[in-house]
Amino acid sequence: MIFWRAIVAAALVATSPALLAGEIPPDARRSGYSFMGPDTRAMQDDDSSNPGMLFVLDGEALWTKKVGTADKACADCHGDARSSMKGVAVRYPAFDKAQGRPVTLDQRINLCRANHQQTAPLPYESRDLLALSAFVAHQSRGIAITTGDDPQLNPFVEQGRNLFMRRQGQLNLACTNCHNDNFDKRLAGSPITQAQPTGYPLYRLEWQTLGSLERRLRSCMTGVRAKAYDYGAPELVALELYLMSRARGMPMETPAVRP
Amino acid sequence: MLNGAIRNVAGEAPIRTGKVKLDIPPLVENGNTVPMTVSVASPMTANDYVKSIHVFNEKNPQPNIGNFYLSPSSGRAQISTRIRLADTQKVVAIARLSDDSFWQVVADIVVTLAACTEELN
Amino acid sequence: MAALINIPAKAKRGDIIEIRTLTSHIMETGFRHTMDGTLVPRDIITSFTCRYNGTEIFRADLFPAIAANPYLSFFTVAKESGKFEFEWIGDNGYSSTASASITVE
């Protein structure tokens, strides 16, 4: 009996990843939801008052719309998204064999459009792309994030981690300075969260519309007075990959509402 | 501006404080989307009901927020919506009852802005 | 434009029910400027009406201070089975409608 416990304990210690300085212990991780006031939480909790759900509705309509020279809708290959897309968003960004690198859900949608529907990609942050990715990610609501399990992603997760730890901009701040070291404190009246991307794409009250994680990352970079990477840049993909793998085990909330 | 907008609705009639309740978070997370509920204590019968509710603000570029028109068949004089508040300011809600009397409530709201600004594309 | 309506599917005659509506609209205030100083023109929903089996039961005038993707909730007495019809009207000829049915016992 004692032997068994010792073996299990040893196995746990051996397999759990070592925490780097400043990283949040797994059971101390909290979604941005827990940092918001009760009114904003109420907005997210109720599907008929969550403005993000308007975009999910739009995405549902786009899912069955035939496009391109192939005259195909997403539904023609993927059927009912409720079953086929369940558990998909929680493993993104995922490794794409043809590209030899990770791609985000938005990039995957555009790859499908190019390769299978034979139509033009949707511009980043366009209403249609946001609606589609919100619809797909919403099918994983409540499911635990698994991003980063694939060993092929390791060098890209590492790249993302380095970007997260690196000081940048005129304010010379690294993401970790706020989001690992100072969450729960306030910056100009707003609570600093842990930056767990559990609800993207989300309805941000500041934007008064739905937006992607890349939009949020770019505005953070502008916030520290650094030049933001372009949408779809490999650095943003690596950061998203790192952030999602840092949140592994936490449930998806898409579409979340945030201040 | 605020007083002018109120006079547009109430004319010279006296406005008493009471009966109206404003439910707004005293410290809003983001001034762009502030949840607000206005309710008026009223039996909402054919002889005693709330005709309309008018909401105003003090420091936005424009004083009006919304006008809401009810009837005895409303059952309850309560509306909820989401509003924009440009700065820390007062919000005033005025109810017009079926006897054309006016009642009001004033709330002080603190608005802080979101921390990181975005570049407009 | 998408709209989300929430009303109880069933109610008893005389029940006071809550009607919750949410619709997509940018509600551009007319007070914002682009980076080069040009004023972005106002583009808002100006009026919302709800009819219950043809009779208007609730009306609202909306101003730029109403947040984007307007959410409106209000109450009515469930009188009879039938249809609620919602209409949003706004600047630049904007018009959008939605409906929902209720069974009243």
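In this predicted model, 13 residues of chain B and 17 residues of chain A make up the contact between the chains. On the chain B side, the residues touching chain A split into 5 nonpolar, 5 polar and 3 charged.

Now look inside chain A. Two packed helices are described by the angle between their axes and the distance between the axes. The table gives both values for two helix pairs.

| Helix pair in chain A | Angle | Axis distance |
|---|---|---|
| Helix 3 (residues 52–63) and helix 7 (residues 127–138) | about 95 degrees | 7 Å |
| Helix 6 (residues 105–115) and helix 7 | about 110 degrees | 10 Å |

Start with helix 3 of chain A. Angles of 65 to 115 degrees count as roughly perpendicular, so helix 3 of chain A is roughly perpendicular to helix 7 of chain A. Which residues meet here? From helix 3 of chain A come eight names: A:Gly52, A:Phe55, A:Val56, A:Asp58, A:Gly59, A:Glu60, A:Leu62 and A:Trp63. They meet A:Asp128, A:Leu130, A:Ala131, A:Leu132, A:Ala134, A:Phe135 and A:His138 in helix 7 of chain A. By class, this contact of helix 3 with helix 7 in chain A holds 9 nonpolar, 3 polar and 3 charged residues.

Next comes helix 6 of chain A. Helix 6 and helix 7 of chain A are also roughly perpendicular to each other. Helix 6 of chain A brings A:Leu105, A:Asp106 and A:Ile109 to the contact. Helix 7 of chain A answers with A:Leu129, A:Leu132, A:Ser133, A:Val136 and A:Ala137. This contact of helix 6 with helix 7 in chain A has 6 nonpolar, 1 polar and 1 charged residues.

A:Leu132 of helix 7 meets residues of helix 3 and residues of helix 6 in chain A.

Terms used:
Residues numbered from 1 in each chain as written. Chains lettered and ligands numbered in written order. Predicted model: local features only at pLDDT ≥ 70, side-chain atom pairs only at ≥ 80, totals over all residues. Contact = placed C-beta atoms within 7 Å. Nonpolar A, V, L, I, M, F, W, Y, C, P; charged D, E, K, R; others polar. Axes fitted to C-alpha atoms, helices over the stretch in contact; angles between N-to-C directions. Helix = DSSP H or I, 4+ residues; strand = E, 2+ residues; numbered from the N terminus. Parallel < 35°, antiparallel > 145°, perpendicular 65-115°, else oblique.
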